[in-house]
Protein chains: 6
Amino acid sequence: DFLGALEEVRPSFGVAEAELQRCVSNGIIKFGDHIERILSDGQLFVDQVRNSDRTPLVSCLLHGPNGSGKTALAASIATASDFPFIKLVSPETMVGFSENAKMATIAKVFEDAYKSPMSVIVIDCIERLLDWVPIGPRFSNAVLQTLLVLLKKQPPKGHRLLILATTTHRDVLQQMDLQEAFNSDIYVPSIQNIRAIETVVSGINLFNDTERYSAMKYLRDAWGDSQPSIGVKKLLMIAEMARQDYDKVDKFVATLLDEGSIPAK
Amino acid sequence: DFLGALEEVRPSFGVAEAELQRCVSNGIIKFGDHIERILSDGQLFVDQVRNSDRTPLVSCLLHGPNGSGKTALAASIATASDFPFIKLVSPETMVGFSENAKMATIAKVFEDAYKSPMSVIVIDCIERLLDWVPIGPRFSNAVLQTLLVLLKKQPPKGHRLLILATTTHRDVLQQMDLQEAFNSDIYVPSIQNIRAIETVVSGINLFNDTERYSAMKYLRDAWGDSQPSIGVKKLLMIAEMARQDYDKVDKFVATLLDEGSIPAK
Amino acid sequence: DFLGALEEVRPSFGVAEAELQRCVSNGIIKFGDHIERILSDGQLFVDQVRNSDRTPLVSCLLHGPNGSGKTALAASIATASDFPFIKLVSPETMVGFSENAKMATIAKVFEDAYKSPMSVIVIDCIERLLDWVPIGPRFSNAVLQTLLVLLKKQPPKGHRLLILATTTHRDVLQQMDLQEAFNSDIYVPSIQNIRAIETVVSGINLFNDTERYSAMKYLRDAWGDSQPSIGVKKLLMIAEMARQDYDKVDKFVATLLDEGSIPAK
Amino acid sequence: DFLGALEEVRPSFGVAEAELQRCVSNGIIKFGDHIERILSDGQLFVDQVRNSDRTPLVSCLLHGPNGSGKTALAASIATASDFPFIKLVSPETMVGFSENAKMATIAKVFEDAYKSPMSVIVIDCIERLLDWVPIGPRFSNAVLQTLLVLLKKQPPKGHRLLILATTTHRDVLQQMDLQEAFNSDIYVPSIQNIRAIETVVSGINLFNDTERYSAMKYLRDAWGDSQPSIGVKKLLMIAEMARQDYDKVDKFVATLLDEGSIPAK
Amino acid sequence: DFLGALEEVRPSFGVAEAELQRCVSNGIIKFGDHIERILSDGQLFVDQVRNSDRTPLVSCLLHGPNGSGKTALAASIATASDFPFIKLVSPETMVGFSENAKMATIAKVFEDAYKSPMSVIVIDCIERLLDWVPIGPRFSNAVLQTLLVLLKKQPPKGHRLLILATTTHRDVLQQMDLQEAFNSDIYVPSIQNIRAIETVVSGINLFNDTERYSAMKYLRDAWGDSQPSIGVKKLLMIAEMARQDYDKVDKFVATLLDEGSIPAK
Amino acid sequence: DFLGALEEVRPSFGVAEAELQRCVSNGIIKFGDHIERILSDGQLFVDQVRNSDRTPLVSCLLHGPNGSGKTALAASIATASDFPFIKLVSPETMVGFSENAKMATIAKVFEDAYKSPMSVIVIDCIERLLDWVPIGPRFSNAVLQTLLVLLKKQPPKGHRLLILATTTHRDVLQQMDLQEAFNSDIYVPSIQNIRAIETVVSGINLFNDTERYSAMKYLRDAWGDSQPSIGVKKLLMIAEMARQDYDKVDKFVATLLDEGSIPAK
Ligand SMILES: Nc1ncnc2c1ncn2[C@@H]1O[C@H](COP(=O)(O)OP(=O)(O)OP(=O)(O)O)[C@@H](O)[C@H]1O
Ligand SMILES: Nc1ncnc2c1ncn2[C@@H]1O[C@H](COP(=O)(O)OP(=O)(O)OP(=O)(O)O)[C@@H](O)[C@H]1O
Ligand SMILES: Nc1ncnc2c1ncn2[C@@H]1O[C@H](COP(=O)(O)OP(=O)(O)OP(=O)(O)O)[C@@H](O)[C@H]1O
Ligand SMILES: Nc1ncnc2c1ncn2[C@@H]1O[C@H](COP(=O)(O)OP(=O)(O)OP(=O)(O)O)[C@@H](O)[C@H]1O
Ligand SMILES: Nc1ncnc2c1ncn2[C@@H]1O[C@H](COP(=O)(O)OP(=O)(O)OP(=O)(O)O)[C@@H](O)[C@H]1O
Ligand SMILES: Nc1ncnc2c1ncn2[C@@H]1O[C@H](COP(=O)(O)OP(=O)(O)OP(=O)(O)O)[C@@H](O)[C@H]1O
Ligand SMILES: [Mg+2]
Ligand SMILES: [Mg+2]
Ligand SMILES: [Mg+2]
Ligand SMILES: [Mg+2]
Ligand SMILES: [Mg+2]
Ligand SMILES: [Mg+2]
């Protein structure tokens with residue numbers, strides 16, 4: 001049961017940093033103004049937690065389409081806080097866990113955080129933590145209830161906590177009353193202009209100048225007035241596929257037109 | 001099972017006071033007449049329990065939108081009763097509990113109360129105790145049935161009990177026949193005029209006089225004839241966020257117009 | 001499991017009387033003709049069980065709105081029978097019981113009854129025994145099936161049994177085929193005229209004559225041609241609340257107009 | 001589990017006769033031609049099982065409205081067969097049984113029957129055995145599947161079996177493919193004419209001649225061209241209630257007009 | 001669990017023959033051309049399994065209305081194959097089995113078959129193996145998934161397997177993707193002309209010539225241009241019932257017109 | 001539970017090759033251009049995994065109608081990669097496994113893969129792994145969640161992984177958010193022209209030239225302008241059935257017109 005499960009969960013201070021860095025494996029490329037703005041809004045929440053006596057608990061939900069960079073940005077804000085306790089709660093470390101084990105793992109992270117004077121907890125991909133699937137729909141109500149309570153529970157006197165969470169399904173969280181348990185939220189959009197695409201491919205040295213010029217021209221001609229829509233994560237994947245092909249420009253353009261011409265869901 | 005769970009729950013007299021005080025962490029600011037009226041109605045129920053032989057059991061449901069101050073007010077009424085047994089039943093102390101453990105914990109509080117000549121029990125956030133979620137909808141019927149019975153069960157001869165409960169989902173409780181198990185209810189509204197907002201920000205010294213004057217003018221201009229609607233809890237959160245910003249007035253007004261212009265759900 | 005549960009349930013003869021008396025804690029005030037009629041109909045069933053060889057099992061369902069006095073009347077009829085075995089089956093004694101424990105408890109009461117030459121069993125608030133909730137709807141089918149069988153099962157040769165049950169949800173019982181398992185039923189209405197209200201408040205000495213006259217006049221003026229509808233249980237609660245107020249008449253009339261002007265559900 | 005449950009079920013030869021006689025506690029009153037016809041049809045099935053080599057298994061479903069006499073008639077046919085193995089499968093002996101215990105009990109009766117050269121099994125009130133309730137609807141699929149198989153399973157070479165079952169919900173059985181597992185069925189109607197009512201009350205000596213004449217006249221006048229519809233079981237209950245009253249005729253007629261004027265469901 | 005269950009299942013070679021013969025208890029009467037055609041199609045599958053290297057696994061579904069002879073025909077084809085391993089998987093041997101026990105029993109039969117160079121497995125009444133009921137609908141998904149995989153899993157190199165299955169609910173199997181897991185299917189119709197009926201009653205010597213002539217004439221007159229529809233199994237049952245009656249012809253004709261005049265479902 | 005299950009799963013390096021070869025038991029007949037294209041696209045993914053530092057995890061879903069050759073093609077691509085770790089995850093090896101055992105088996109394969117510098121995992125017939133059935137619909141959410149996480153989880157630094165999966169129900173995977181967890185997908189169509197059919201039957205030497213000429217002519221005449229649609233797997237099955245018949249051409253043409261004239265679902 002839950003209590004048994006709780007005791008088996010070992011405390012694990014300090015290991016979070018490596019985990020958080022792996023979330024930003026391809027760096028943060030500043031391909032648009034909103035990237036800076038998101039990072040500075042994050043900084044403001046960090047300051048509020050550090051300074052205000054009246055609000056020792058602040059929570060923020062990063063949401064946006066598939067692969068738009070939510071996890072990398074949340075990890076960056078958390079890392080930048082320099083709080084003594086920083087921790088990632090991720091479905092990747094809970095493969096095959098029972099509901100009780102998940103609840104115990106999550107509860108343990110919060111209990112550990114309560115012991116530190118200042119803490120950040122990053123809860124990645126909430127819908128996956130909840131075992132959510134649109135058919136039914138089904139999800140773990142027990143994990144949901146745990147989150148609903150922990151998101152509103154004040155840390156003990158003199159302790160402070162910042163919670164950053166990510167999701168691609170804010171609408172689902174809303175239906176669960178989970179969205180309103182957050183104090184604030186930040187939208188992380190997909191890439192929606194060719195210039196940002198150019199900045200990204202430059203950042204990873206996919207093309208020489210001629211190739212890049214030619215690729216961007218193709219894209220401009222193809223899209224005309226309509227807008228692309230592609231997550232930075234998928235864009236990087238397409239770029240790397242193209243890199244294997246003897247005709248990089250053609251493969252890149254063809255695949256991108258295929259995948260990035262309708263709004264990423 | 002339930003009986004096993006019941007035995008493991010330890011009696012816990014006297015600890016409630018600290019818990020109840022934490023529910024009123026930012027005090028009770030008297031930003032409107034209805035605050036006084038709610039507190040005096042609460043006092044009347046306390047008197048009825050103390051004095052009437054025919055009604056040794058009285059129950060009251062405090063309901064209203066998110067963050068309107070329900071928990072703080074219930075805790076204040078309970079604390080003011082000076083009854084020898086005062087106890088908080090809260091989902092925050094039951095994270096990860098099984099249905100049986102929840103039922104046993106709740107039943108234990110009532111059994112303890114029955115031993116005291118006069119008692120108050122505060123049941124906070126009933127929908128969370130019930131693990132309620134609108135999708136499905138799902139909830140713990142076992143916990144619900146426990147509450148349905150305990151809310152109507154007379155204490156033993158010569159003993160008296162006041163039950164105060166809070167919820168943001170009275171409609172849901174109604175669908176469950178739970179609302180009609182209460183003898184009475186009290187509505188706790190959100191803040192719906194600018195003067196009350198001014199009283200709150202004065203109460204926490206957010207602005208100097210010039211700043212406050214300017215902030216309130218902005219709000220009056222923006223809302224015109226329409227009405228704000230914001231819970232006191234969210235208002236305090238916005239005020240503390242604004243306090244971190246170099247331009248407090250602008251941040252406060254902008255965020256409040258964002259969050260407080262449609263009726264809080 | 002069930003058998004294990006059955007063995008743990010101890011026989012408990014003779015204790016029922018106190019329990020049944022507590023169901024009539026405010027007495028039976030004869031505020032209308034139907035009260036007498038219900039009591040004498042109950043007496044007729046008692047006689048049939050005592051006298052007829054062909055019908056050793058008789059069952060009757062008392063139904064009506066919230067707080068109309070069903071439990072008190074069933075308890076009164078049972079107590080008046082003077083049968084050697086009289087027993088109350090109530091959800092209040094089964095808080096937190098598992099389905100099996102509930103079934104075993106109920107089955108045990110019937111087994112004990114079968115040993116007595118003449119018995120009355122009062123089954124109070126059937127919908128609560130079934131853990132019924134309108135959302136879903138959900139209920140314990142195992143407990144329901146137990147009742148469906150026990151309500152029709154003949155006692156052993158030479159033994160006789162009267163079953164009295166109460167419910168506020170006869171419609172629900174009908175949907176479950178449970179209503180048709182009873183031989184007969186009795187409707188217990190709420191109070192629907194001012195004279196009956198007057199009889200009740202006189203019965204508990206709430207007012208002096210001037211106060212009572214003035215209160216009834218207010219009510220007559222307010223309701224005019226329309227009808228009040230209030231359960232005797234709620235009426236007693238309102239009267240006791242009013243008793244605490246410095247202006248009893250005003251509080252009594254105001255609350256009653258609030259709560260008793262639409263038909264009690 | 002099932003196997004464990006199966007072993008715990010003790011064989012119980014010979015006890016069935018008393019049980020079957022209690023099903024006919026008020027005898028079989030021949031109040032209409034169809035009663036004779038049902039009994040002789042039953043006899044024909046008994047003969048087929050006794051004589052035909054090609055059909056060692058015959059099954060028949062008795063269905064009809066509430067209290068029409070199904071159980072009493074099935075018990076009578078079974079008793080009249082004089083087969084060496086006669087057994088009643090009834091929900092009344094399985095109160096509180098788990099699904100596995102029910103299945104094991106039923107399977108055991110069939111296994112015992114397979115050992116006898118000729119057997120009759122009476123399965124009373126199939127919908128109750130299945131824990132069926134219209135809300136949902138819910139029922140025990142495990143017990144249903146057991147019946148579906150056992151109803152079609154041939155006894156071992158040289159052994160023969162007649163299965164008689166009763167139900168008030170043939171429509172439900174049809175939806176479950178259970179109705180088509182029977183070889184044949186017999187309809188048992190409720191009483192639908194005043195002469196049959198007269199035969200029944202004569203059979204139990206409720207009235208003297210004057211009283212009976214007067215009661216029947218009242219009924220004829222009240223019903224005119226419309227038809228009564230009342231199960232013989234309910235009719236007997238009403239007669240016995242009336243017997244307690246000082247004015248038997250009035251009570252009998254009033255109650256019967258109340259209960260028997262719309263078709264029994 | 002499943003593994004435990006699997007180990008408890010004992011291997012059982014050779015016993016199948018008796019079981020299969022009992023499925024053909026009344027022989028195969030050749031009352032129409034299609035009977036021969038079904039048997040020869042079955043023979044072709046047997047040959048394919050024996051001869052083709054490329055298709056070591058062949059599966060065929062026999063489907064058709066209630067009692068049309070599916071089980072008897074599948075058993076006949078299997079018996080005629082003379083393969084060293086022939087086995088019947090039937091719900092009749094699994095009364096009261098848990099899902100795991102059923103799955104283990106089925107898996108065991110396949111494992112045993114894989115050890116023989118050539119095998120036939122007859123899976124009788126698939127919908128019953130699946131505990132299927134139209135209400136809900138409900139069925140054992142675990143058993144279904146087991147069948148879905150085993151129906152497509154190749155036997156080990158050098159081993160061959162023919163699978164024959166029967167069902168009255170091909171539409172249900174289709175909804176479950178189970179129908180498309182079979183390589184082929186054969187339709188087994190009910191009897192739909194009077195000549196076939198005559199062949200069957202002759203085959204069991206129900207009538208002398210005069211009786212038969214007279215019975216067939218009655219049927220021809222009654223049905224005229226419309227068609228009968230009756231499973232051979234039910235026809236045999238009706239014939240045997242009629243045999244008990246003093247007026248065989250009348251009883252036979254009357255019952256057959258009753259039961260066989262609308263298409264068997 | 002899952003952890004216990006995980007430990008019981010033994011590592012199994014090297015055994016995969018035989019399993020993968022059995023998936024291609026009838027070879028890869030190049031009956032159309034798209035076969036080559038699928039194989040070379042597969043090769044490109046293999047190269048990307050081998051070469052790109054930025055994308056150590058690549059996943060691809062092969063989807064298409066029943067029997068179109070998905071499993072054989074995925075197995076061929078995997079075998080051709082020459083990666084040190086190649087593994088098949090197939091429902092055929094998990095008959096009767098509990099959810100936990102399935103999850104543990106799958107997780108174990110991934111853990112083993114993470115230890116190898118370069119790995120391919122083939123996940124065959126995802127809908128079957130999920131115990132998916134359209135009625136309900138029902139499926140194992142626990143297995144689904146495991147796949148959803150593992151499909152996106154990066155292998156440890158310096159390790160690379162290619163995931164190839166097959167399904168006939170891409171629409172279902174889409175409803176489960178599972179389709180979007182893949183980086184790319186490949187469509188495997190059924191055979192839709194007579195020339196390809198001819199190539200296949202030549203490849204298995206079904207006919208001599210005259211027979212083949214005659215069979216193709218029949219097909220051309222029958223289909224005219226309309227198109228055939230048949231999976232290569234079913235085509236091979238029909239060819240082998242026909243091989244048993246004395247008139248191969250007739251049997252082949254007749255069966256193919258029956259089964260291949262409407263688009264394979
Ligand atoms: N400006 C940027 N913002 C975010 N990520 C960036 C940016 N520039 C480059 N990246 C890289 O893009 C990838 C973004 O992937 P990430 O997992 O954060 O997306 P996500 O939105 O969380 O995806 P998912 O919807 O699958 O959870 C990371 O590898 C990150 O290093
Ligand atoms: N007049 C007031 N009434 C209630 N709370 C007040 C008042 N003035 C200040 N507060 C402060 O506002 C906060 C109200 O929060 P509280 O938790 O009681 O709201 P709530 O309605 O219970 O919220 P939720 O809907 O999340 O349960 C407390 O910190 C309390 O100290
Ligand atoms: N004539 C009366 N009939 C019934 N109860 C009466 C009457 N007069 C006074 N009372 C008092 O009114 C109260 C009726 O409460 P009771 O619990 O019987 O109502 P109920 O209909 O069972 O309520 P619920 O719907 O909550 O079960 C009792 O305290 C009883 O003593
Ligand atoms: N002709 C008759 N047929 C059947 N029962 C009769 C007849 N005459 C008198 N009785 C009596 O009527 C009663 C019939 O009750 P029985 O339990 O058989 O009805 P039922 O249809 O099985 O009821 P239920 O629908 O509740 O199962 C028995 O007590 C029986 O002795
Ligand atoms: N030509 C025939 N084909 C099949 N069965 C025949 C034939 N002639 C006689 N029979 C007899 O008819 C009976 C057919 O019953 P069987 O159980 O095979 O039907 P079924 O279609 O499987 O029934 P169900 O739908 O109940 O499973 C058997 O007793 C068999 O011996
Ligand atoms: N070009 C080809 N592509 C694929 N399979 C081929 C081809 N040529 C011959 N085959 C043979 O056809 C069969 C294809 O069967 P396979 O199991 O791969 O189909 P599938 O699409 O996975 O079927 P299912 O939908 O049942 O999973 C194999 O036996 C394979 O050897
Ligand atoms: Mg992410
Ligand atoms: Mg609150
Ligand atoms: Mg009551
Ligand atoms: Mg009956
Ligand atoms: Mg059959
Ligand atoms: Mg495949």
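Trainee: How many salt bridges does the rule find across the interface of chain E and chain D?
Mentor: A salt bridge is a side-chain nitrogen of Lys or Arg within 4 Å of a carboxyl oxygen of Asp or Glu, and in this predicted model the rule finds one across the interface of chain E and chain D. Arg54(D) pairs with Glu240(E), their closest N and O atoms lying 3.9 Å apart.

Trainee: Which elements of chain E give two or more residues to the side that touches chain D?
Mentor: With helices taken as DSSP runs (H or I, at least four residues) numbered from the N terminus, the elements are helix 11 (232-244) and helix 12 (248-260) of chain E. Helix 11 of chain E gives the most, with eight residues.

Trainee: What classes of residue make up that side of chain E?
Mentor: Counting Asp, Glu, Lys and Arg as charged, Ala, Val, Leu, Ile, Met, Phe, Trp, Tyr, Cys and Pro as nonpolar, and the others, Gly among them, as polar, the side of chain E that touches chain D has 13 charged, ten nonpolar and six polar residues.

Trainee: How many residues does the contact take from each chain?
Mentor: Contact means heavy atoms within 4.5 Å, and here 36 residues come from chain D and 29 residues from chain E.

Trainee: What confidence does the predictor give the complex?
Mentor: The complex has an ipTM of 0.93 and a pTM of 0.94. Residues are numbered from 1 along each chain as its sequence is written, chains are lettered from A in the order in which they are written, and side-chain values use heavy atoms, with hydrogens and water left out.

Notes
Predicted model: local features only at pLDDT ≥ 70, side-chain atom pairs only at ≥ 80, totals over all residues.
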